[in-house]
Amino acid sequence: MDYKSSLIQDGNPMENLEKQLICPICLEMFTKPVVILPCQHNLCRKCANDIFQAANPYWTGRVGSAAMSGGRFRCPSCRHEVIMDRHGVYGLQRNLLVENIIDIYKQECSSRPLQKGSHPMCKEHEDEKINIYCLTCEVPTCSMCKVFGAHKACEVAPLQSVFQGQKTELSNCISMLVAGNDRVQTIITQLEDSCRVTKENSHQVKEELSQKFDTLYAILDEKKSELLQRITREQEEKLGFLEALIQQYREQLDKSTKLVETAIQSLDEPGGAIFLLSAKQLIRSIVEASKGCQLGKIEQGFENMDYFTLDLEHVADTLRTIDFGTDEEEEEFIEEEEDHEEEESTEGKEEGHQ
């Protein structure tokens with residue numbers, strides 16, 4: 001984090017420094033202890049523990065044996081995967097430099113007067129600042145609108161109380177959405193693994209099928225092509241389904257990520273009135289996005305291609321009727337072959353006696 005260059009570029013160094021000290025999870029100034037991730041981004045240790053627990057719900061904490069394994073989660077700033085040891089977030093190194101900067105910043109802020117920023121004015125009463133919030137209409141307004149204007153019969157509240165409440169609500173929504181994004185990324189990884197396994201299994205059964213047909217290639221060439229085409233169609237259908245499913249999850253992940261970025265930008269707005277002009281709609285959008293759409297999933301054993309396996313221990317007269325059959329059909333064929341051998345053996349004995 002290059003604090004010096006950021007402060008030189010900005011006309012208000014203290015305000016810019018405060019932006020650099022904001023946690024990307026709680027969207028407040030870092031709370032000590034501050035931990036630094038392997039990707040060099042910083043988090044409050046409490047916030048890091050929250051997203052770690054969300055991504056690893058079965059991790060029970062720093063208790064038990066020394067053989068307990070750790071977990072993993074993704075950095076909310078760059079999506080880099082952070083792999084933890086058995087100590088969890090308590091194994092991360094503290095960033096003492098950031099903690100010292102926070103202490104210096106708080107000391108400086110306590111010794112300087114508050115600065116007045118730009119404040120939006122009421123459209124109906126141009127000389128009046130927007131200083132209250134209409135709970136009935138859910139819009140910020142001015143005192144004149146409450147006394148004489150359109151909000152005379154409405155219930156109102158101080159602007160700051162509503163500002164803090166909705167800011168907290170939006171922060172909670174962002175944390176929930178970040179945790180959801182980690183779960184979606186896990187599903188995408190699993191689906192990509194399923195694609196790989198499906199390809200490997202398809203290749204394996206193709207090889208087995210080709211080896212069995214090679215021994216009788218002269219009369220099985222036409223049948224071999226037919227069966228290979230059936231496997232290929234099955235592979236393409238499965239891969240097409242999996243790739244479409246991956247694309248759906250990627251689109252949802254991109255949408256959620258953009259919504260998080262928009263929300264974080266909104267939280268950087270220092271003015272309560274400007275923030276409230278868009279906060280309610282933004283919260284609704286995040287709540288709807290966090291619910292998500294019910295995307296498809298694959299059933300257990302979806303990648304399995306074993307049902308295309310063949311056992312080619314058959315006589316030459318049955319080769320042209322070969323198909324992917326069941327175990328029952330194979331048992332019936334074996335029984336018929338055994339009966340046929342017994343009949344031939346019996347006939348041979350009778351001819352010997354004669």
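A residue is termed buried when its relative accessible area is under 20%, exposed when it is over 50%, and partly exposed in between (1.4 Å probe, protein chains only). By this criterion Asn181, at 5% relative accessibility, counts as buried. The structure is a predicted model, in which local features need pLDDT of at least 70 and side-chain atom pairs count only at pLDDT 80 or more, while totals for chains, interfaces and linings use all residues. Residues are numbered from 1 along each chain as its sequence is written, and side-chain values use heavy atoms, with hydrogens and water left out.

The protein contains nine helices and eight strands, taken as DSSP runs (helices, H or I, at least four residues; strands, E, at least two) and numbered from the N terminus. Of its 354 residues, 36% count as buried. The protein exposes about 22,300 Å², of which carbon and sulfur atoms supply 49%; accessible areas come from the Shrake-Rupley method with a 1.4 Å probe, and for residues only the protein chains shown count as cover. Contacts are defined by heavy atoms within 4.5 Å. Among contacts between residues at least 6 apart in sequence, 58% join residues at least 24 apart.

Asn181 is located in helix α6 (residues 159–214). Not counting residues up to four places away in sequence, Asn181 touches Arg79, Leu253, Ser256, Thr257 and Val260.

An open sheet is formed by three strands in the order β2-β1-β5, with antiparallel pairing; strands are considered paired if DSSP finds at least two bridges between them. Strands β2 (42–44) and β5 (93–94) stand at the edges with a single partner strand each, so one side of each has no neighbour in the sheet. Strand β1 (residues 34–36) pairs with β5 over two bridges, and Ile36 stands opposite Gln93 in β5. Helix α3 (residues 45–55) packs on the sheet, touching β1 and β2, and its direction makes about 90° with that of β2. Axes for this angle are lines fitted to C-alpha atoms, for helices over the stretch in contact, and angles run from 0 to 180 degrees between N-to-C directions.

In soluble globular proteins, nonpolar side chains tend to be buried together. A nonpolar core is here a set of buried Ala, Val, Leu, Ile, Met, Phe, Trp, Tyr and Cys residues joined through side-chain atoms within 4.5 Å. The largest such core has 26 residues, of which Leu21, Phe30, Leu37, Leu43 and Phe73 touch the most other members. At least two residues of this core are supplied by each of β1, β2, α3 and α4 (96–111). Another core, of 24 residues, lies apart from it and includes Leu27, Ile130, Leu170 and Ala263.

Eight salt bridges are found in the whole structure, each a side-chain nitrogen of Lys or Arg within 4 Å of a carboxyl oxygen of Asp or Glu. Lys46 is bridged to Asp50, with the closest N and O atoms 3.3 Å apart; both lie in helix α3, four residues apart, about one turn of the helix. Lys46 is exposed, at 61% relative accessible area, whereas Asp50 is partly exposed, at 39%. Arg94 and Glu99 form a salt bridge at 2.8 Å, N to O. Arg94 is partly exposed, at 40%, but Glu99 is buried, at 5%. In a further salt bridge, the closest N and O atoms of Arg284 and Glu138 are 3.2 Å apart. This pair links distant parts of the chain, 146 residues apart: Arg284 is in helix α8 (residues 272–291), and Glu138 is in the loop between β6 (132–134) and β7 (139–141).
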